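Please open the structure in your viewer and keep the selection tool at hand.

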Amino acid sequence: RKRVLEASQQLTEIINSCLESETSTETPEPSKDVEAAAEEEPAVHCLWVDKFAPRRYMELLSDDYTNRCLLKWLKLWDTVVFGKEKAVKKAKPSTEAHPPFKEQQNKWKTKVQLTEEILEAELDQHKRPKYKVALLCGPPGLGKTTLAHVIAKHAGYNAVEMNASDDRSPEVFRTRIEAATQMQSVLGAKEKPNCLIIDEIDGAPTASINVLLSIIHRKDAEGEAVAGTGRRRQREGGLLLRPIICICNDQ
């Protein structure tokens with residue numbers, strides 16, 4: 001344990017010296033050296049998990065299959081959110097001439113291809129994906145929240161995070177969901193659309209989960225509703241036009 005602590009201290013000193021040398025080369029003026037040293041003092045004592053956290057998609061160290069699936073699902077919202085038309089894949093002529101059986105077709109497909117087909121299988125009448133909510137499960141420290149933020153930023157969204165365990169009241173839970181998914185983000189976000197990230201969804205009460213389900217289900221049935229229930233729909237809110245990512249430890 002003593003040797004590990006000594007090696008960790010040496011490595012910390014090496015990294016700090018490298019960072020100081022980089023800042024000193026960038027600010028050669030002697031008057032700015034004092035200001036740079038004063039600004040570096042709080043950064044030296046921050047946690048490594050925050051200091052070296054991934055900022056871009058290529059810096060993620062989590063499971064590549066999970067990263068691709070979440071990004072693929074988030075890109076399915078481009079037609080509704082950004083107005084981009086979905087690219088249509090052209091079928092190969094060999095498969096058209098000799099269509100194999102479905103069992104044989106699925107047998108030779110990879111796990112990623114099967115997931116992409118499931119995600120793109122159905123779109124509703126508003127051109128939204130079939131599954132309105134994504135759920136990330138795993139033990140603490142796996143990088144679920146970091147993955148959600150990086151993917152949302154990579155897809156062009158402004159990540160809005162809320163903790164389901166903090167908002168125990170269903171009314172507050174409903175208000176925060178509607179505010180994040182229906183209102184536009186303007187201040188400090190360059191007018192990017194919001195992507196709601198609900199952390200610790202497994203700690204939310206049953207009433208809050210029912211609120212989330214009611215928001216999704218009533219939006220799907222809005223096109224089939226009759227004109228006589230217009231006031232009720234107006235009171236409950238409009239269509240869900242923004243993606244929601246939920247995070248939990250216990251599936």
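A salt bridge is a side-chain nitrogen of Lys or Arg within 4 Å of a carboxyl oxygen of Asp or Glu. This is a predicted model, in which local features need pLDDT of at least 70 and side-chain atom pairs count only at pLDDT 80 or more, while totals for chains, interfaces and linings use all residues. Residues are numbered from 1 along each chain as its sequence is written, and side-chain values use heavy atoms, with hydrogens and water left out.

**Stop 1: the salt bridges**

The structure holds 3 salt bridges. Begin by selecting Arg 56 and Glu 59, whose closest N and O atoms are 3.4 Å apart in a salt bridge. Are these two residues buried or exposed (buried means under 20% relative accessible area, exposed over 50%, partly exposed in between, with a 1.4 Å probe and protein chains only)? Arg 56 counts as exposed because its relative accessibility is 56%, whereas Glu 59 is partly exposed because its relative accessible area is 32%.

Next, select Arg 68 and Asp 64, which form a salt bridge of 2.8 Å from N to O. Both residues lie in helix H4, 4 residues apart, about one turn of the helix. Helices (H or I, at least four residues) and strands (E, at least two) are DSSP runs, numbered from the N terminus. Arg 68 has a relative accessible area of 48% and is therefore partly exposed; Asp 64, at 40%, is also partly exposed.

Then select Lys 75 and Asp 78, where the closest N and O atoms of the salt bridge are 3.0 Å apart. Lys 75 is partly exposed, with a relative accessible area of 37%, but Asp 78 is buried, at 8%.

**Stop 2: the second largest pocket**

Which residues are closest to the centre of the second largest pocket? This pocket has a volume of about 240 Å³. Select Cys 69, Leu 70, Ala 134, Leu 135 and Leu 136, which are the closest to its centre among the 12 residues that line it. Helix H4 (64–75), helix H8 (111–119) and strand S1 (133–137) are the elements that give two or more residues to the lining, and H4 gives the most, with 5 residues.

A pocket is found on a 1 Å grid over the protein atoms alone: it is an open set of points where a 1.4 Å probe fits, with protein on both sides within 12 Å along at least five of seven lines, and lining residues have an atom within 4 Å of a point. By class, the lining has 10 nonpolar, 2 polar and no charged residues. Here Ala, Val, Leu, Ile, Met, Phe, Trp, Tyr, Cys and Pro count as nonpolar, Asp, Glu, Lys and Arg as charged, and the others, Gly among them, as polar.

**Stop 3: two loops**

Select Leu 61, in the loop between helix H3 (48–51) and H4. Leu 61 counts as exposed because its relative accessibility is 85%.

Move on to Glu 200, in the loop between strand S3 (194–199) and helix H11 (206–220). Glu 200 has a positive phi of about 55°, although it is not a glycine. With a relative accessible area of 34%, Glu 200 is partly exposed.

Terms used. Grid points are joined across faces, edges and corners, and a volume is the space filled by probe spheres set on the points.
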